[in-house]
Amino acid sequence: MVPVFALLIAQLFFGGCTGLLPEIGRRKNSSHLSQGALDAFELRLLTMFGLKQRPSPSKSAVVPQYMLDLFTTYSANSAEQKQHKAKNTVGRSADRSASRANTVRSFHHDESTEELSHHSGKTTQRFLFNLSSIPGEEFVTSAELRIYREQVMTNSSSNSSAGYHRINIHEIIKPALPFKEPITRLLDTRLVQHSLSKWESFDVSPAVLRWTMEGHANHGFVVEVVHPGDAEGSYKRHVRVSRSLHDSADSWPQMRPLLVTFSHDGKGHVLHSREKRQARGNKPKKKHKANCRRHSLYVDFSDVGWNDWIVAPPGYHAFYCQGECPFPLADHLNSTNHAIVQTLVNSVNSNIPKACCVPTDLSPISLLYLDEYERVILKNYQDMVVEGCGCR
């Protein structure tokens with residue numbers, strides 16, 4: 001399948017009047033392509049995806065459920081009923097964030113740098129997230145820190161505060177020094193019930209914007225869990241802020257804190273656009289079957305060995321344009337005035353080529369994938385699906 005996929009890339013990037021092979025797997029027609037040419041095609045496509053090299057994630061790489069939910073909700077190629085189902089899981093804050101972004105990136109913290117402490121009715125945890133993989137051309141529009149908390153049943157009914165605990169998120173402005181506490185700034189806070197198990201999302205946009213856009217030093221966050229009226233030994237029951245406080249090693253990869261950034265690279269549409277485009281069929285009359293029109297082409301990422309780093313979708317309908325642009329050009333061939341004139345001249349002078357059958361309308365797809373650092377990214381990519389064909 002690699003040669004056929006290479007032909008797809010060749011047509012996408014180098015143009016021309018030659019359509020793609022209508023039968024997937026016709027290897028003999030592309031046997032002239034060298035391995036070097038195939039590698040060059042792949043590198044060019046990876047560059048379009050913003051990748052320096054082909055990702056090779058390990059088997060232990062984790063895809064957060066939240067990122068899968070975001071893909072189902074906001075992807076340009078996701079089924080509408082799935083979008084509606086997932087919308088309840090991502091929340092209104094994600095809806096607002098996606099309306100200004102075409103890229104979502106997720107980050108897990110560096111566990112080797114975490115600092116955990118218990119004192120005076122509080123649990124504090126320092127988190128450091130490495131955001132250096134965010135490209136300089138991307139503008140971060142918002143960011144959220146997601147923390148999972150589990151249900152805790154208490155017997156204390158006399159104290160109204162016993163059924164609640166507070167979670168505070170601070171940005172570290174200056175790290176701690178010997179005999180000195182760190183200087184922090186409160187970013188977000190929430191009073192939550194013990195009796196609910198759910199993810200909590202905190203707005204940390206001001207800090208992430210300072211780090212990524214303004215060049216301020218990234219010293220991380222402090223998550224502070226305040227337990228009014230609680231006993232010392234019950235801290236670990238509330239919020240899953242550290243592997244050492246988590247009961248199950250198997251579930252920790254999906255339960256650990258997650259930093260999610262929403263950004264835009266200045267190219268194409270935002271993720272919030274959930275309208276399903278109605279593909280233009282380019283259905284010519286029966287006697288014009290050989291004329292320029294759209295043909296079916298499904299790109300399966302497993303055929304080219306990319307399914308290990310592209311999480312979703314497994315493939316997509318790319319389509320392609322092929323067919324004649326005969327004289328005289330009919331209205332259904334969606335021709336430009338220039339193509340009409342060129343075809344007219346070709347009819348009397350064969351040295352002038354005919355007009356080409358090319359895509360005239362293209363739409364985006366969304367990809368959920370792992371990058372070189374095993375970080376999960378959701379991104380809209382423009383001009384990936386042929387919606388209409390015409391003579392140009």
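Which hand does the disulfide of C292 and C357 have, and what torsion about the S-S bond makes it so? The points below take this up, together with the sheet and the other disulfides.

1. The model is predicted. The torsion about the S-S bond of C292 and C357 is about 75 degrees, so this disulfide is right-handed. The two sulfur atoms are 2.1 Å apart. C292 sits in the loop between β9 and β10 (293–295), while C357 belongs to strand β15 (residues 357–370); the pair links distant parts of the chain, 65 residues apart. Both C292 and C357 are buried.

2. In total, the structure holds 3 disulfides. Another of them joins C321 to C389, with an S to S distance of 2.0 Å. Here the angle about the S-S bond is -85 degrees and the link is left-handed. C321 lies in strand β14 (residues 320–322) and C389 in strand β16 (residues 376–391), so to speak of sequence, the two are 68 residues apart and the bond links distant parts of the chain. C321 and C389 are both buried.

3. C325 and C391 are also joined by a disulfide, S to S 2.1 Å. This link is left-handed, with -95 degrees about the S-S bond. Because C325 lies in the loop between β14 and α7 (337–348) and C391 in strand β16, the pair ties together parts that are 66 residues apart in sequence. With a relative accessible area of 2%, C325 is buried. C391 counts as buried too, at 0% relative accessibility.

4. The sheet to look at is an open one of 7 strands, in the order β7-β4-β9-β1-β16-β15-β12, with antiparallel pairing. Its edge strands are β7 (198–203) and β12 (310–312), each of which pairs on one side only. On average, neighbouring strands of this sheet are turned by 35 degrees against each other, direction ignored.

5. Helix α5 (residues 205–212) lies across β4, β7 and β9 (258–264). The helix runs at about 130 degrees to β4.

Technical notes
Residues are numbered from 1 along each chain as its sequence is written. This is a predicted model: local features need pLDDT of at least 70, side-chain atom pairs count only at pLDDT 80 or more; totals for chains, interfaces and linings use all residues. Side-chain values use heavy atoms; hydrogens and water are left out. Two strands pair if DSSP finds at least two bridges between them. Helices (H or I, at least four residues) and strands (E, at least two) are DSSP runs, numbered from the N terminus. Axes are lines fitted to C-alpha atoms, for helices over the stretch in contact, and angles run from 0 to 180 degrees between N-to-C directions. Contact means heavy atoms within 4.5 Å. A disulfide is a pair of cysteine sulfur atoms within 2.5 Å. Buried means under 20% relative accessible area, exposed over 50%, partly exposed in between (1.4 Å probe, protein chains only).
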